[in-house]
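Good morning, and thank you for making time for this presentation. Please look at the sequence and the model as they come up, and I shall then go through them part by part.

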Amino acid sequence: MKLHEYQAKEIFASYGIPVPPGKVASTAEEAKAIASGIGKKVVIKAQVHVGGRGKAGGIKFADTPGEAAKVASEILSMEIKGLPVRKVLVGECLEVLEEYYL
Ligand SMILES: Nc1ncnc2c1ncn2[C@@H]1O[C@H](COP(=O)(O)OP(=O)(O)OP(=O)(O)O)[C@@H](O)[C@H]1O
Ligand SMILES: [Mg+2]
């Protein structure tokens with residue numbers, strides 16, 4: 001079974017597990033609108049079925065909706081480990097205190 005991060009977060013949310021605000025986008029304009037709705041610094045994350053997205057340059061931050069559009073369009077034109085990026089998750093940028101891998 002392969003799930004994208006945004007799909008996993010939707011499933012968590014449907015069972016009442018708290019997840020940070022965020023939505024999936026397939027265009028720069030959609031990413032801009034989502035960033036605008038979040039209203040603070042966002043993270044733009046390539047949705048591809050591989051790990052190491054950050055190390056491959058597929059995860060970037062944006063301070064404004066305009067910057068979110070620019071960063072999303074860059075990530076949406078990437079291939080990561082041979083997989084074209086067709087969607088990005090635009091989420092609230094959080095202060096990461098601890099990180100776990102399951
Ligand atoms: N919502 C967020 N707010 C702040 N930082 C984030 C957020 N999501 C991801 N990051 C940062 O980006 C890094 C990479 O994200 P993530 O671990 O989800 O992707 P990955 O595919 O496992 O990439 P990598 O192998 O580079 O860790 C995280 O370790 C964290 O530092
Ligand atoms: Mg990681």
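Which element gives the largest share of the lining of the largest pocket? The answer is α1, with seven residues. Before I go on, please keep in mind that this is a predicted model.

Let me stay with the pocket for a moment. The volume of the largest pocket is about 1,700 Å³. Its lining is made up of 42 residues, and those that lie nearest the centre are E5, K9, K45, R53 and E99. Sorted by class, the lining of the largest pocket holds 23 nonpolar residues, 12 charged residues and seven polar residues. As for the elements, those that give two or more residues to this lining are α1, which spans residues 5-14, together with β1, β2, β3 and β6.

I turn now to the sheet. In what order do the four strands of the open sheet stand? The order is β1-β6-β2-β3, and the pairing is antiparallel. At the edges are β1, residues 22-25, and β3, residues 59-62, each of which pairs on one side only. From one strand to the next, the twist averages 25 degrees.

The next pair is β6 and β2. These two strands pair in the antiparallel sense over five bridges. Here I44 is found opposite V90 of β6, while A46 has V88 of β6 as its bridge partner.

The last pair is β2 and β3. Four bridges join these strands, which again run antiparallel. In this pair, I44 stands opposite K60 of β3.

Is β2 largely enclosed or largely open? Five of the five residues of β2 are buried, so the strand is largely enclosed by the rest of the structure. Both of its faces are covered: V42, I44 and A46 are buried on one side, and V43 and K45 are buried on the other. The count for β6 is also five of five residues buried, so β6 too is largely enclosed by the rest of the structure.

Is E92 buried or exposed? The relative accessibility of E92 is 18%, and E92 therefore counts as buried, since the limit is under 20%. Leaving aside residues up to four places away in sequence, E92 touches P21, I38, K40, K41 and V43.

Which residues of α3 are buried? They include A68, A69, V71, A72 and I75. The buried residues of α3 pack against α2, residues 28-38, as well as β2, β3 and β6.

G66 and S14 are 52 residues apart in sequence, and their C-alpha atoms are 30 Å apart in space.

Finally, I would draw your attention to a loop. Where is K81 found? K81 is in the loop between β4, residues 79-80, and β5, residues 83-84. The relative accessibility of K81 is 59%, so K81 counts as exposed. The phi of K81 is near 50 degrees, a positive value in a residue other than glycine. For context, most residues other than glycine have a negative phi.

The strands β1, β6, β2 and β3 form the open antiparallel sheet, and β1, β2, β3 and β6 are among the elements that give two or more residues to the lining of the largest pocket. Thank you for your attention.

Note on methods: Residues numbered from 1 in each chain as written. Chains lettered and ligands numbered in written order. Predicted model: local features only at pLDDT ≥ 70, side-chain atom pairs only at ≥ 80, totals over all residues. Heavy atoms only, no water. Pairing = 2+ DSSP bridges. Axes fitted to C-alpha atoms, helices over the stretch in contact; angles between N-to-C directions. 1 Å grid on protein atoms, 1.4 Å probe; cavity = no way out; pocket = protein on both sides within 12 Å on 5 of 7 lines; lining within 4 Å. Points joined across faces, edges and corners; volume = space filled by probe spheres on them. Nonpolar A, V, L, I, M, F, W, Y, C, P; charged D, E, K, R; others polar. Buried < 20%, exposed > 50% of the residue type's maximum accessible area, 1.4 Å probe, protein only. Contact = heavy atoms within 4.5 Å.
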